[in-house]
Amino acid sequence: MARILITGGAGFIGSNFVRYWRKAHPRDSVTVLDLLTYAGSRKAAEDLRGPNVRFIRGDVADPRAVATAMRGCRTVFHFAAETHVDRSIHDSGRFVRTNVLGTQRLLESARLSGIERFVMISTDEVYGSVAKGSAGEDARLAPNSPYAASKAAADLLCRSYVRTHGTPVVITRCCNNYGPRQFPEKVIPLFITNLLQGLPVPVYGDGRNVREWIHVDDHARAVDLASRKGRPGEIYNIGTGRRLSNLELAGMLLKAAGAGRESLRFVKDRPGHDLRYALDSSKIRGLGWRPRIGLREGLMETVAWYGKNRAWWRGIKSGPKYRSYVARQYR
Ligand code: NAD
Ligand code: TYD
């Protein structure tokens, strides 16, 4: 039995990870530290309530909140971040504060409190666009968006804490996630909820950009494994090899939602839009992990979740903050 700290546990991947952990390790106690920004809801935090879960509303960049949350914890899973590339184009300062300074504050507290394992949840976006083949863990860091750059900076801080202080950090770099409870600004929940509302789906540029997709539950299992079997100082890519263009993805979602191609809208491209992400995940597979959920099956299940949980996303999409964000996007 142990106490673990999950930062960002009210967000998409973090909340699914809390659910996963409680099932997989029911004897453990979980502390969640989350600021509840626009991306993390009070409802998500309330849904996580249980005898072994403690929720602290606080900022990862606030050393006092971090010290309080980390007290008595053996392992830290650091999910909290500003995560949307489009928002980082308009307001990069927030990304530097949370993703870089926040990670530094957590690492410092982990060093002082003798944490046994610190898992840094990073992203394939730190490698930038991969023209051919796939990026292994030693590929050059070449982030192209302020979001990706802030995650790469956080990864480098982790590396420095391993080398300088011996802090037992394991870094995971995952491909694009999908599944239930993803905020409807990311492409899959945005497209699904638009289709459920009878609205068109905005495809950036010509739709040829390629992403690698993983179900959030497969990501959770890989992070768990990396925390137990991964070696401090090592990086583990987490990918499925299931790569497809945004246009192919949109086609699958149109089909799943019973909509036709007239629902596609080609809109202005994202500045600095990476053409292709592709991960070499042989290292984590060497530890015994394999993805279990196929894309078609996972997307059908996700479309069904958004269909059944309209109140969850309608509330978000009709809020003034979401509406002003969308208005700025397509201005
Ligand atoms: P999300 O945007 O859905 O959730 C982020 C959570 O962090 C929210 O609950 C938010 O309230 C919280 N948060 C933000 N700033 C905070 C702060 N200063 N202090 C405390 N909490 C704060 O993000 P997500 O998609 O669940 O991503 C989680 C992690 O996984 C991130 O580190 C992201 O970089 C990484 N990741 C995401 C993907 C993906 O496809 N979504 C892929 C690879 C890696
Ligand atoms: P996104 O979900 O924002 O994830 P990321 O940029 O972190 O990969 O976008 C996934 C892909 O979908 C990316 O190539 C941009 C594209 N996209 C659209 O075509 N339309 C949209 O409305 C959004 C949000 C993204």
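Okay, housekeeping. It's a predicted model, where local features need pLDDT of at least 70, side-chain atom pairs count only at pLDDT 80 or more, and totals for chains, interfaces and linings use all residues. Residues are numbered from 1 along each chain as its sequence is written, chains are lettered from A and ligands numbered from 1 in the order in which they are written, and side-chain values use heavy atoms, with hydrogens and water left out.

So, ligand 2. It has 18 residues around it, the closest being Glu125, Val187, Pro202, Arg270 and His273; "around" here is a heavy atom within 4 Å. By class that shell is 8 nonpolar, 5 polar (Gly goes in here) and 5 charged residues.

Now the N or O pairs, with a cut-off of 3.5 Å. Ligand 2 has an oxygen atom 2.8 Å from a backbone N or O atom of Val187. There's also an oxygen 2.9 Å from a side-chain N or O atom of Asn176, and one 2.9 Å from a polar backbone atom of Tyr204. On its own ligand 2 exposes 510 Å², and the protein buries 97% of that (Shrake-Rupley, 1.4 Å probe).

On to α9, residues 246-257. Helices here are DSSP runs of H or I, at least four residues. At 1.5 Å a residue, its 12 residues should span 16 Å, and the end C-alpha atoms are 16 Å apart, so that agrees; the expected span is 1.5 Å times one less than the number of residues.

Which residues of α9 are buried? Asn246, Leu249, Ala250, Met252, Leu253 and Leu254, buried being under 20% relative accessible area with a 1.4 Å probe, protein chains only. Just after α9, Gly258 takes a positive phi of about 70 degrees.

Definitions and conventions. A polar contact is a pair of N or O atoms within 3.5 Å; within protein, one must be able to donate a hydrogen and the other to accept it, and residues adjacent in sequence count only if both atoms are side-chain atoms. Helices (H or I, at least four residues) and strands (E, at least two) are DSSP runs, numbered from the N terminus. Buried means under 20% relative accessible area, exposed over 50%, partly exposed in between (1.4 Å probe, protein chains only).
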